[in-house]
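Colleague: Before I use any of the terms in your notes, I would like to hear what stands behind them. Please take them in turn.

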Amino acid sequence: MKIVVCIKQVPDTNEVKLDPVTNRLIRDGVPSIINHDDKSAIEQALRIKEELNDGTTVTIVCMGPPQADVALREALAMGADEAYLLSAREFGGSDTCATAIIISTALKRIGFDLVLTGRQAIDGDTAQVGPQIAENLGVPQVSYAEEVTVNGKEVLVKRQYEDRYHMIKVQMPCLLTALQELAEPRYMHAGGIIDAYNKDITVWGFDDLKDGLNPDDIGLMGSPTRVVTSFGKMQKGAGVKYDVPAEEAVQIIIDKLEERHLI
Amino acid sequence: MSKNIESAKDIYVVAEQRDGKVAKVTHELLGEANILAKDLGEKVIAVVIGANVADQAQEMLEYGADEVIVVEDDRLGEYITEPYTKALVQMIEEYDPNIVLFGATSIGRDLAPRIAARVHTGLTADCTHLDIDMQKYFDFLKATSTADRDAIERKLGMDDKTLKMTRPAFGGNVMATIRCAEYRPQMATVRPGVMKLVEKQVGKQGKVTIMKPDLTDEDFNVEIVDIAKSEGKIVDITEAKVLVSGGRGIGSAAFYGELQKVADRLGGEISSSRANVDAGWIEKARQVGQTGKTVRPDLYMACGISGAIQHLAGMENSEYIIAINKNEDAPIFEVADLGIVGDVKVIIPKLYEALDKYFEEHQIN
């Protein structure tokens, strides 16, 4: 069985700050990491491979700039078998629709039985690329996966909703999107890190995928959505602040609650 | 560019129902769609999809729909991606909507991307603000942001009637406005709890159309073998009028008992920052913030919450915010209407006593 995991390299958003003058993200010095949900997907894929122990392989696919190579090395060091980096100037500026077209074109060429993606990335927070890849591949998707069990050609998925779970049976080929809770990622081990740097990462540019790609459907110009502007939020003006003894503070709260008809 | 830019018309709200009950986010979307529709001179159409859901149509009209399309099939009772996608794509092909809105829920965020990819149009995720009218858009930017108005006006002009979809990114650190100018329908998922409800117009009339989607058994390509509802009473903090919310400053899980007493007195619920959920002090369903729920109650009382940006993203649109925190420099005070510098562990029990006394004096039980 061939498992393909699609990952994204993201800036650690806890470290991202906005330049107050230019309104641009300050990315310098912000560490890049494998998106959390995606890392959980890698872990799940490795567990399936180890459990089946039947020659099942795990392939990692990442679209991004050449530096995303680091994320792929990390996935290889965790135990993945092979890695593809989809990187080209033509891919830059792609929205979720265009990104999904590029990745699904690569997946058709790589081949797959089971595709895993993270549910959403912490930078864009869209949760759209996984389902859109599934649509382009013409396979069923189960998103928000919290538990995954493989039985032959069948996958049993515990799918999370706000108020319930569905236990869903789906036949391969299919695509699942992983919640961070799906599988706690392992650490890279020393041997794995050495192996990772001995393995080749296949880099595919536009020419490698052009048979299946319409240049009008990708990149900034091929993206149906465009960013008009991005900006920092102006915080709502602070109200009044009191540093007074507790009894007095409580009376102020009561007065305000009364004034606002909350009591 | 898609061919239907000129012909596409009206704002369609895809209603979300579970067990035959329509979600609150649908009502919020209908209210918002009404405002947008007036700016466009177009109608609001609610699309109810499911099994035996025709009786929901009246409620859709009362919450603001001009017309309702009921997409009905006995097999659509529980949400399944493919048949829902196929049915709604048929609806889109038949009716040619200008805009289609979904709730940004675990259903909407699974369904909308699949539909957008199939009809090849743009989709913007998890929007927190929508505009048609440019003046209103600029008023919004002026009130909330540092965006460069002139640059946007040069780019779009004042007569632009596309949907301006604004959403947070990078964990709430940045906002971005996105458009889908060259494809129709323009699609968005909208975060629950951010759009205001409009008053229900009881008895309002409107056209209701029943549509039977063309589905085959092969479309039901996954099998739901079991459904487990979450255990215990499911608390939806987004429905609460008052939230008394605890952060690390409350010191222990047990102190939620004290917050609960105050919340009970005010007819509210307790909620939490992420830290206390991670510490196992309270259930995840009560978490407010970027990775929890977005709330906008009439009163949000932040007790011992420092106010990380991820938390603020989930509660800063509350009508009235009271913050109690020992640290006078805590960022929560930047968004609070009333800030109290002090120890919640001292103030909350005293507040409960004072509320008790107040209710006694005013003879309220």
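Predicted model: local features only at pLDDT ≥ 70, side-chain atom pairs only at ≥ 80, totals over all residues.

Colleague: What makes A:Arg164 and B:Glu78 a salt bridge?

Modeller: The rule asks for a side-chain nitrogen of Lys or Arg within 4 Å of a carboxyl oxygen of Asp or Glu. Between the side chains of A:Arg164 and B:Glu78 the N to O distance is 3.1 Å, so the pair meets the rule. A:Arg164 also forms a salt bridge with B:Asp19, where the closest N and O atoms are 2.8 Å apart.

Colleague: Why do you say that the pair of A:Arg164 and B:Asp19 joins two chains?

Modeller: Because A:Arg164 lies in strand β11 of chain A, while B:Asp19 lies in the loop between β2 and β3 of chain B.

Colleague: How many salt bridges are there between chain B and chain A?

Modeller: The count between these two chains is 7.

Colleague: Why are β15 of chain A and β18 of chain B called paired strands?

Modeller: Pairing needs at least two bridges found by DSSP. Strand β15 (residues 240–242) of chain A and strand β18 (residues 338–341) of chain B are joined by 3 bridges, so they qualify. The two strands run parallel, and A:Tyr242 stands opposite B:Ile340.

Colleague: What is the extent of the contact between chain B and chain A?

Modeller: In chain B, 94 residues are in contact with 77 residues of chain A. The area buried between the chains is about 7,500 Å², with 56% given by carbon and sulfur atoms. B:Arg109, B:Arg114 and B:Phe170 supply 10% of what chain B buries against chain A, more than any other three residues. Across the interface, 37 residue pairs are in polar contact. The side of chain B that touches chain A divides into 50 nonpolar, 22 polar and 22 charged residues.

Colleague: How do you know that B:Asp148 caps helix α6 of chain B?

Modeller: A side-chain oxygen of B:Asp148 lies 3.3 Å from the backbone nitrogen of B:Asp150, at the N-terminal end of the helix (residues 149–156). The limit for a polar contact is 3.5 Å, so the distance falls within it. After this helix comes B:Gly157, with a positive phi near 75°.

Colleague: Which peptide bond at A:Pro173 is cis?

Modeller: The bond that joins A:Met172 and A:Pro173, with omega about 0°. A:Pro173 lies in the loop between β11 and β12 of chain A. In chain B, a cis peptide bond joins B:Arg184 and B:Pro185, with omega about -5°.

Note on methods: Residues numbered from 1 in each chain as written. Chains lettered and ligands numbered in written order. Heavy atoms only, no water. Contact = heavy atoms within 4.5 Å. Buried area = accessible area lost by both parts, 1.4 Å probe. Polar contact = N/O pair within 3.5 Å; in protein donor to acceptor, adjacent residues only side chain to side chain. Nonpolar A, V, L, I, M, F, W, Y, C, P; charged D, E, K, R; others polar. Helix = DSSP H or I, 4+ residues; strand = E, 2+ residues; numbered from the N terminus.
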